[in-house]
Amino acid sequence: MLRFVFCLLPFLLVHRTSTAQTFTLFTGSYTRTGNGGIHVYTFNATTGTTVLLDSTTGVSNPSYLAVSKNGVVYAVNEDGGGKGAVSAFRWDGKKLSFINTQPSGGDHPCYVAIHPSGRWLAVGNYSGGNLALYALREDGSIAAADTVINHTGRSVDATRQQSPHVHATVWSPDGTALVVPDLGTDELVVYRFNEQSPAKLQPVQSMKSAPGAGPRHFIFGTNGFAYSIEELSGTVVSFQYKERQLQQRQRISTHPKNYTGAKGSADIHLSPDGRFLYATNRAAANTIASFAVQKNGRLKLLRIQSTLGVHPRNFTLDPTGRWLLVANRDSNEIVVFQRNTSTGALIDSGKRMKTLLPICVKFMQ
């Protein structure tokens, strides 16, 4: 059965507009029900309300987004059968216009990330089990793939881990490394990046996860800490990161101790101030776990609560840190939580963004 990357397709992209408290939000979603795919909103960070500005048409399954500082939106087209692609769009403040598209190098691309320099793009292909690197032109268009790297191997889950499944491509803050979680092989592969070298990506570490854990997404924190969410085991792993090397520090569950249902963790993000970490769970749980980040980078579980919807894939925090938006794919809406910036607590604001099959939400900053 085909598995799709959970990225809260409704790309919530926030772009700073006329006031400091108004941002532009992009959402990405599956298009199998005939909806537009990518939607653009204004987000009012004072009230938590949104206004739809524009929607795309004819874009196939833009399930995960990355937004550049100059208004270019990159979306994976999460298709199989050799049709996996990555596309570029320009946002001019009023309308989203198509720039170009390139093959993703594999089936069902589920993640896309822009290099800190803005000159490179990395894409992960879930079913393809590989990743692709692209140069970005000055006009924001995507050049033909510079590099395609195929992972090999498998792990212990007979249903989900019979082959590699690249689930994310995450650049280090300094741009010298790319961290690639592979759900199918239970490993985080760290690549050294050197744009001056013919072989721009070279593997320097393979950090093995617990058998059957299924690493999915990865984020860098502050003070040399980093975190990975493991889909199949429902856990978050804390790491010390230094000179393109990961050292595991902690592994902690995102579920209550007495939880016995199916696990399917999805997304992970830090608050803007780095003090709190959040992680979503799908499957039978439909929850979001909140953690306090301690001085040594380890996590302390604070609470686990409902996402007030079904199948939370991707989520995001607005640039002010006062709001957290969860894309609940199967209940067809994005739930807006108000966030206490002192305690990290999430409170239902009562606000909902109705949209079909939301997968990814991104703010433009």
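This is a predicted model: local features need pLDDT of at least 70, side-chain atom pairs count only at pLDDT 80 or more; totals for chains, interfaces and linings use all residues.

Visitor: Why is Ser 233 called buried?

Guide: Buried means under 20% relative accessible area, exposed means over 50%, and partly exposed is in between (1.4 Å probe, protein chains only). Ser 233 has a relative accessible area of 15%, so Ser 233 is buried.

Visitor: Where is Ser 233 found?

Guide: Ser 233 is in the loop between strand E17 (225-230) and strand E18 (235-242). Helices (H or I, at least four residues) and strands (E, at least two) are DSSP runs, numbered from the N terminus.

Visitor: What makes the link between Ser 233 and Thr 235 a polar contact?

Guide: A polar contact is a pair of N or O atoms within 3.5 Å; within protein, one must be able to donate a hydrogen and the other to accept it, and residues adjacent in sequence count only if both atoms are side-chain atoms. The side chains of Ser 233 and Thr 235 are joined at 2.6 Å, so the distance meets that limit. The side chain of Ser 233 also has a polar contact of 3.4 Å with that of Glu 230.

Visitor: Is His 151 buried or exposed?

Guide: His 151 has 12% relative accessibility, so this residue counts as buried. His 151 sits in the loop between strand E11 (142-150) and strand E12 (170-171), and its side chain makes a polar contact of 2.8 Å with the side chain of Tyr 191.

Visitor: What makes Tyr 64 and Tyr 111 a stacked pair?

Guide: A search of the whole structure finds 10 aromatic pairs. Tyr 64 and Tyr 111 form one that is 4.5 Å centre to centre, with 25 degrees between the planes. Rings of Phe, Tyr and Trp (its six-membered ring) pair if their centres lie within 6.5 Å; planes under 30 degrees apart count as stacked, over 60 as edge-to-face and the rest as tilted.

Visitor: Why are Phe 220 and Tyr 241 called edge-to-face?

Guide: Their centres are 4.9 Å apart and their planes 75 degrees apart, which is over 60 degrees, so the pair is edge-to-face. Phe 220 and Tyr 241 belong to one aromatic cluster with Phe 218 and Phe 239.

Visitor: How do you know that Glu 195 and Arg 119 form a salt bridge?

Guide: A salt bridge is a side-chain nitrogen of Lys or Arg within 4 Å of a carboxyl oxygen of Asp or Glu. The closest N and O atoms of Glu 195 and Arg 119 are 2.5 Å apart, so this pair qualifies. Glu 195 has 26% relative accessibility and counts as partly exposed, and Arg 119, with 43%, is partly exposed too.

Visitor: How many salt bridges does the structure hold?

Guide: The structure holds 11 salt bridges. One of them joins the side chains of Glu 231 and Arg 160 (3.1 Å, N to O), and both Glu 231 and Arg 160 are buried. Arg 160, Arg 216, Glu 231 and Arg 282 are linked in a network of salt bridges.

Conventions: Residues are numbered from 1 along each chain as its sequence is written. Side-chain values use heavy atoms; hydrogens and water are left out.
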